[in-house]
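Visitor: I'm new to this one and would like to learn how to read it. Could you walk me through it step by step?

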Amino acid sequence: MRILFMGTPDFALASLKALCEAGHDVAAVVTQPDKPRGRGHYLTPPPVKVYAQEKNIPVLQPLTLRGEEFAKTLEDIDPELIVVVAYGRILPKNVLEYPKYKCVNVHGSLLPEYRGAAPMQRAIIDGKRVTGITTMLMAEGLDTGDMLLKAEAKIEENDNFETIHDRLAALGASLLLDTVKGLEYGSITPIPQGEGATYAAKIEKTDCLIDFSKPVDEVHNLIRGLSPIPLSFTHTPDGKLLKITESRIFSRKATGEACGKVISTDGEIRVACADGVISLLGVVPEGKGRMSAADFINGRKISVGDILF
RNA sequence: CGCGGGGUAGAGCAGCUUGGUAGCUCGUCGGGCUCAUAACCCGGAGGUCAUGAGGUUCAAAUCCCAUCCCCGCAA
């Protein structure tokens with residue numbers, strides 16, 4: 001069947017690749033316009049575009065999906081199925097209803113939990129032990145469509161956003177292939193999501209500030225849920241920003257020390273939390289690149305007794 | 001022209017304001033202590049101070065100029 005793929009970042013790329021490699025007819029790819037990114041604001045194409053161009057798949061980067069223009073484009077492509085993975089924009093009704101097999105979305109959570117923009121990060125930050133992928137038929141609401149297939153993935157104690165992202169991207173890609181096949185043969189019965197929906201709001205700057213007065217597990221979950229992007233942060237006594245790339249739970253016994261106090265710099269930075277001690281293993285000092293906690297300590301930028309805030 | 005930090009020993013840094021001896025923590029090598037050690041003590045090696053037969057100077061890591069490279073923030 002003729003497929004129109006809509007997606008933007010790496011997470012979507014895994015699914016697009018899977019479709020192509022499985023021999024599906026991907027007639028065109030719709031992705032976000034190139035945007036100024038990085039230092040110097042260089043115009044950067046999204047990953048999906050780069051790959052599509054390599055494969056000689058037509059790439060479309062409309063500013064809006066509403067209106068005559070895209071409706072016409074849609075007729076030209078005339079897809080039987082639209083696959084949407086992390087496209088980053090709401091699809092209007094006329095697009096949702098166009099394809100014979102409707103629009104399928106790959107979402108990084110076990111719906112109806114964690115609808116929305118940052119399901120993987122939020123699941124980790126909340127300390128979930130299990131998350132997964134849900135494929136659904138898209139409806140007008142945000143991730144509210146009827147569910148098609150689900151697959152679970154465990155979140156281990158030291159998984160972070162990167163490991164979960166990569167795992168779910170791969171899982172989503174394979175579940176997508178199953179879903180497409182199922183739709184084609186009519187072997188999947190869509191089921192409504194039911195009660196219990198929660199929303200995974202976009203990550204804001206204010207979400208990234210570490211509060212050491214919280215339980216050590218929550219601190220650890222925040223650090224890994226935001227690593228490697230955008231990274232949680234705290235401040236050293238001189239007021240400088242200190243981002244944290246990696247941590248481990250050192251102990252779950254309260255120390256009696258002030259929360260945020262550095263109690264050891266022996267190869268790693270150990271900081272007192274409400275009910276235990278967190279070990280910071282990797283940092284990004286303000287104005288510097290990533291480095292291990294040991295390197296940061298060797299540069300004499302932190303010492304026992306410092307209070308992080 | 002988005003804002004800013006930086007390039008000094010294998011790593012992370014100080015020194016630059018107020019030019020004049022290459023410094024700190026770690027690693028590494030050797031020795032010692034120890035039942036033993038990644039712990040402790042002693043000693044050593046290791047640096048064209050990003051590049052430029054540039055400028056100023058008696059003298060430049062330090063001041064000036066140019067170039068290259070790296071990074072953080074913001075989007």
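Visitor: Where is the place of P230?

Guide: P230 sits in the loop between α7 (216-225) and β12 (232-235). Helices here are DSSP runs of H or I with at least four residues, strands are runs of E with at least two, and both are numbered from the N terminus. Before we go on: this is a predicted model, where local features need pLDDT of at least 70, side-chain atom pairs count only at pLDDT 80 or more, and totals for chains, interfaces and linings use all residues. Residues are numbered from 1 along each chain as its sequence is written, chains are lettered from A and ligands numbered from 1 in the order in which they are written, and side-chain values use heavy atoms, with hydrogens and water left out.

Visitor: What kind of peptide bond joins I229 and P230?

Guide: That one is cis, with omega about 0°. You'll find a cis bond from L111 to P112 too, with omega near 10°. P112 belongs to the loop between β7 (103-107) and β8 (115-116).

Visitor: How exposed is A86?

Guide: Here's the scale: buried means under 20% relative accessible area, exposed means over 50%, and partly exposed is in between, using a 1.4 Å probe and protein chains only. A86 counts as partly exposed because its relative accessibility is 33%. K102 comes out at 38%, so K102 is partly exposed.

Visitor: Which residues are closest to RNA strand B?

Guide: A residue is near a strand if one of its heavy atoms lies within 4 Å of it. By that rule 18 residues surround RNA strand B, and the closest are K205, K243, K288, D295 and N298.

Visitor: What does the backbone of N298 lie 2.7 Å from?

Guide: For polar contacts, look for a pair of N or O atoms within 3.5 Å; within protein, one must be able to donate a hydrogen and the other to accept it, and residues adjacent in sequence count only if both atoms are side-chain atoms. A backbone N or O atom of N298 is 2.7 Å from a base nitrogen of RNA strand B. The elements giving two or more residues to this surface are β3 (35-37) and α8 (293-298). K288 has a backbone N or O atom 3.1 Å from a sugar or linking oxygen.

Visitor: How do the residues of the surface near RNA strand B divide?

Guide: Three are nonpolar, seven polar and eight charged. In this sorting, Ala, Val, Leu, Ile, Met, Phe, Trp, Tyr, Cys and Pro are nonpolar, Asp, Glu, Lys and Arg are charged, and the others, Gly among them, are polar.

Visitor: Back to α7: how many of its residues are buried?

Guide: Eight of its 10 residues are buried, so α7 is mostly covered. Among the buried ones are V216, H220 and L222. Contact means heavy atoms within 4.5 Å, and the buried residues of α7 pack against several elements, including α5, α6 (161-185) and β12.

Visitor: Is R122 buried or exposed?

Guide: R122 counts as buried, because its relative accessibility is 15%. R122 is in helix α5 (residues 119-125). Leaving out residues up to four places away in sequence, R122 touches Y114, A200, A201, K202, I203 and D207.

Visitor: How many disulfides does the count come to?

Guide: A disulfide is a pair of cysteine sulfur atoms within 2.5 Å, and here the count is zero. C20 is in none, as the nearest cysteine sulfur, that of C103, is 18 Å away. For C273, the closest cysteine sulfur is in C259 at 6.8 Å, which is too far for a bond. C273 is buried, too, at 2% relative accessibility.
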